[in-house]
Amino acid sequence: MGLRKNLNNMNQKIFIKTFGCQMNEYDSNRIFDSVKKIGYEKTETYEDANCYLLNTCHIRDKAKEKVYHEIGRVKKIFRSKKKPLVIIAGCVAQAENDEMLKREPYIDLVIGPQAYHKINDTILNFMEKKNKIEETEFDAVSKFEYLSKIKNKASKVSSFLTIQEGCDKFCHFCVVPYTRGPEYSRPFKQILDEAKYLADNGSKEIILLGQNVNAYNNEGYRLSDLILNIEKLPEIKRVRYTTSHPRDMTEDLIEVYKISKKLMPLVHLPVQSGSNKILKSMNRKHTIEEYLTTFDKLKEINPKIEFSSDFIIGYPGEEEQDFKDTFNLIKKVKFINSFSFIFSPRPGTVAENLDLIERKISVERLEKIQKMLFENQIQMNKSLENKIVDVLVENLTDDKSKAFGRSEYMTSIIFNGNKSDIGKIVQVRIKKSNRNTLFGEIINNLDQKVA
Ligand code: SAM
Ligand code: SF4
Ligand code: F3S
């Protein structure tokens with residue numbers, strides 16, 4: 001208790017840097033909610049920090065090296081200053097655990113993604129005894145029980161809410177089942193309480209998160225139940241979810257697109273490859289035909305629904321025909337806002353030791369795929385010029401001269417709004433566009449609303 005008091009009086013400042021997916025962003029925010037209780041304030045500058053926390057990602061190559069490189073940078077910054085408390089969190093922490101403490105003595109604590117409920121005690125303990133430790137057991141229940149007791153203070157217009165963690169699918173290329181542990185769904189009521197708290201504190205959009213968000217299942221409650229309950233909150237204007245697995249696009253979730261008033265018409269549904277042969281060797285547990293059946297069903301319910309995806313190019317065994325199948329799938333589905341990367345062998349996965357295809361071929365294929373994905377995005381944005389779109393206004397631009405918001409499809413929109421528009425849905429007439437952004441002018445009448 002005495003120590004707690006001391007920390008409170010010491011003007012502690014934490015600098016949190018986050019790599020990786022939205023779940024890491026959510027975790028970083030919640031870590032801050034937690035360490036605030038023992039007296040930390042946030043700083044955005046390295047130099048002001050007496051605690052430096054790096055929330056890491058392990059998904060693709062050089063992840064580990066990126067972490068040590070970043071630590072090198074911190075060391076340089078603090079060369080002539082008092083060393084900050086250095087904490088490594090996230091998926092590299094989980095994968096490397098005490099190896100990190102051995103390799104880099106500058107690191108003080110290593111905390112895996114399912115152990116954040118212990119972070120305050122771990123820090124306090126270190127302050128007192130200088131014990132360097134790693135906390136990397138999987139204990140999702142305690143993590144979320146703890147986090148639900150300290151409020152989610154995100155108070156942003158658009159807020160993340162993690163509903164599910166971990167993965168049991170073991171795709172042959174992926175580290176997530178090893179870094180995030182087995183699939184766990186948070187209790188239904190715990191999530192609804194957090195959503196209500198976010199809504200009461202200014203959130204207008206909730207993005208439900210999980211490595212397999214649509215596998216959510218808590219005592220029979222599914223993702224569809226969460227969406228329909230959260231959208232009952234009057235303050236919430238939009239609901240989204242990510243990332244889903246094609247095999248878990250169940251009928252109840254597809255049906256929600258018929259009845260929901262607030263679920264956005266962008267479905268992020270990673271397919272990885274357009275070839276059944278590659279999907280099988282990736283252990284994806286779905287075929288292209290099944291994927292396209294989901295696509296057809298959703299398009300039939302609402303033709304406005306658009307799809308985005310993740311692609312892995314150059315997976316071991318990918319032949320020209322497999323690549324063409326991926327190319328043709330993109331042509332057919334016209335994915336927007338997709339992510340595509342060359343396969344990266346990950347330690348401990350089944351695909352780690354498979355023969356790689358020639359790098360040059362992978363690079364050429366990636367370029368071809370990205371050209372088409374970018375073209376889809378440009379065309380989609382161009383088609384909105386002179387049309388009116390609904391924009392949820394999130395903030396002002398950095399120079400405060402314009403407002404920034406997002407369309408129903410998550411596209412960034414910059415327009416002549418002001419502070420009083422933040423948190424509202426306004427109509428903007430699009431004047432110009434590029435691949436990533438729409439530029440427009442706010443209007444008051446709804447004459448030709450399209451998106
Ligand atoms: N659970 C989601 C799914 O099944 O589609 C994906 C989650 S994973 C964190 C995000 C993306 O990272 C994957 O969709 C995949 O495209 C990419 N990814 C994962 N492992 C990879 C690897 N070894 N090499 C390249 N990309 C990878
Ligand atoms: Fe990784 Fe596959 Fe699990 Fe997605 S479903 S997190 S790609 S193992
Ligand atoms: Fe990266 Fe872990 Fe997310 S590996 S993508 S931070 S689940």
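Me: Which residue forms a salt bridge with Lys382, and how far apart are the closest N and O atoms?

Reply: The general idea first: side chains of opposite charge can pair when their charged atoms come close. To count as a salt bridge, a side-chain nitrogen of Lys or Arg must be within 4 Å of a carboxyl oxygen of Asp or Glu. Here Lys382 pairs with Glu385, and their closest N and O atoms are 3.4 Å apart. Keep in mind that this is a predicted model: local features need pLDDT of at least 70, side-chain atom pairs count only at pLDDT 80 or more, and totals for chains, interfaces and linings use all residues. Residues are numbered from 1 along each chain as its sequence is written, chains are lettered from A and ligands numbered from 1 in the order in which they are written, and side-chain values use heavy atoms, with hydrogens and water left out.

Me: How many salt bridges does a search of the whole structure find?

Reply: The search finds 32 of them. One joins the side chains of Asp27 and Lys143, with N to O at 3.2 Å. This pair ties together distant parts of the chain, since Asp27 belongs to helix 2 (residues 22–35) and Lys143 to helix 7, 116 residues apart. Helices here are DSSP runs (H or I, at least four residues), as are strands (E, at least two), numbered from the N terminus. Asp27 and Lys143 also belong to a network of salt bridges that includes Glu165 and Arg180.

Me: Is Asp27 buried or exposed?

Reply: We judge that by relative accessible area: buried means under 20%, exposed over 50%, and partly exposed in between (1.4 Å probe, protein chains only). Asp27 has 1% relative accessibility, so it counts as buried.

Me: Where do Lys196 and Asp200 lie?

Reply: Both are in helix 9 (residues 188–200), four residues apart, which is about one turn of the helix. Lys196 is partly exposed at 41%, and Asp200 is partly exposed at 46%.

Me: What does the side chain of Glu104 make with the side chain of Lys75?

Reply: The two side chains make a polar contact at 3.2 Å. That term means a pair of N or O atoms within 3.5 Å; within protein, one must be able to donate a hydrogen and the other to accept it, and residues adjacent in sequence count only if both atoms are side-chain atoms. Glu104 sits in the loop between helix 5 (98–103) and strand 5 (109–111), and is buried at 10%. Another case is Ser260, in the loop between helix 11 (251–259) and strand 14 (266–268): a polar atom of the Ser260 side chain lies 2.9 Å from the backbone nitrogen of Leu263. Ser260 is buried as well, at 14%.

Me: What is the phi of Lys130 near?

Reply: Here is the background: most residues other than glycine have a negative phi, and most peptide bonds are trans. Phi of Lys130 is near 60 degrees, a positive value. Lys130 is in the loop between helix 6 (119–129) and strand 6 (133–135), and is exposed at 54%. Lys334 also has a positive phi, near 50 degrees; this residue lies in the loop between helix 14 (320–333) and strand 17 (339–342).

Me: Which residues does a cis peptide bond join?

Reply: Thr242 and Thr243, with omega about 0 degrees. You can find Thr243 in the loop between strand 13 (238–242) and helix 11.
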